[in-house]
Amino acid sequence: MPPAPLTDEQHRALGALNEERLVADLVALVQAPSVTGTDVESDQQHAMAATFAQLGLDTDLWTLDLDQSRADADFPGIEAERAEGYGLVGTSAGEGEPALILQGYIDVDVPRSLVGFAVTRLGGHR
C-alpha cells in the first residue's frame with residue numbers, strides 16, 4: 001500500500017528544513033567521541049542546549065541527581081561510571097498539545113572492534 005500523499009502543511013514543514021544544517025549538525029554529533037560517562041558526553045549536551053537556544057527553543061538543561069538515582073531500590077544499574085549527567089528538553093511556543101516530539105540521547109557504548117565496518121564517509125573517530 002503506497003503512503004498517503006503529503007498535506008500542504010507537511011509540505012510547508014519539509015520546505016522549512018535546512019538540509020545542509022541538519023546534515024552538518026548530525027555529522028558533528030556522530031564525529032564526537034561521546035562515550036558514556038566521559039566529559040565529551042556532557043559537552044555535547046551543553047552544545048545541543050546552545051543549538052536549541054539558537055533555534056529559538058525554550059531550553060531546559062538540568063543536572064541529573066546520580067546519587068539519588070543510584071540509591072533508588074528500582075535503579076536498574078549503570079552501563080558505565082560517570083561523574084555527572086544532564087537532561088535536556090527544548091520546546092517551541094504554541095497552543096495546545098505538542099504535534100511532534102523528537103527524543104534521543106547523546107552517548108555511545110565503549111568502542112569495540114571495527115572489523116566488518118566500512119570506512120566512514122563522515123570522517124568519524126575510529
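Is R70 buried, partly exposed or exposed? Select R70 and color by accessibility: R70 is partly exposed, with a relative accessible area of 31%. Here, buried means under 20% relative accessible area, exposed means over 50%, and partly exposed is in between (1.4 Å probe, protein chains only).

A quick word on what you're looking at. This is a predicted model, where local features need pLDDT of at least 70, side-chain atom pairs count only at pLDDT 80 or more, and totals for chains, interfaces and linings use all residues. Residues are numbered from 1 along each chain as its sequence is written, and side-chain values use heavy atoms, with hydrogens and water left out.

**Stay with R70**

R70 and D67 form a salt bridge, with the closest N and O atoms 3.7 Å apart. That term stands for a side-chain nitrogen of Lys or Arg within 4 Å of a carboxyl oxygen of Asp or Glu. The two residues are three apart in helix α4, so about one helical turn separates them. D67 is exposed, at 59% relative accessible area.

**Zoom out**

Show the cartoon. You'll find four helices and two strands, and reading along the sequence gives α-α-α-β-α-β. Helices (H or I, at least four residues) and strands (E, at least two) are DSSP runs, numbered from the N terminus. Of the protein's 126 residues, 17% count as buried.

For another, select R21 and D25, whose side chains meet at 3.0 Å, N to O. Both sit in helix α2 (residues 19-31), four residues apart, so they are separated by about one helical turn. R21 is partly exposed at 30%, and D25 is partly exposed at 30%.

**Then R82 and E41**

Pick R82 and E41: their closest N and O atoms are 3.1 Å apart, in a salt bridge. R82 lies in the loop between α4 (66-71) and β2 (86-91) while E41 is in helix α3 (residues 39-54), so this pair ties together parts 41 residues apart in sequence. R82 is buried, and E41 is buried too.

Two packed helices are described by the angle between their axes and the distance between the axes.

**Last stop: L14**

Select L14, in helix α1 (residues 8-15). L14 is partly exposed, at 48% relative accessible area.
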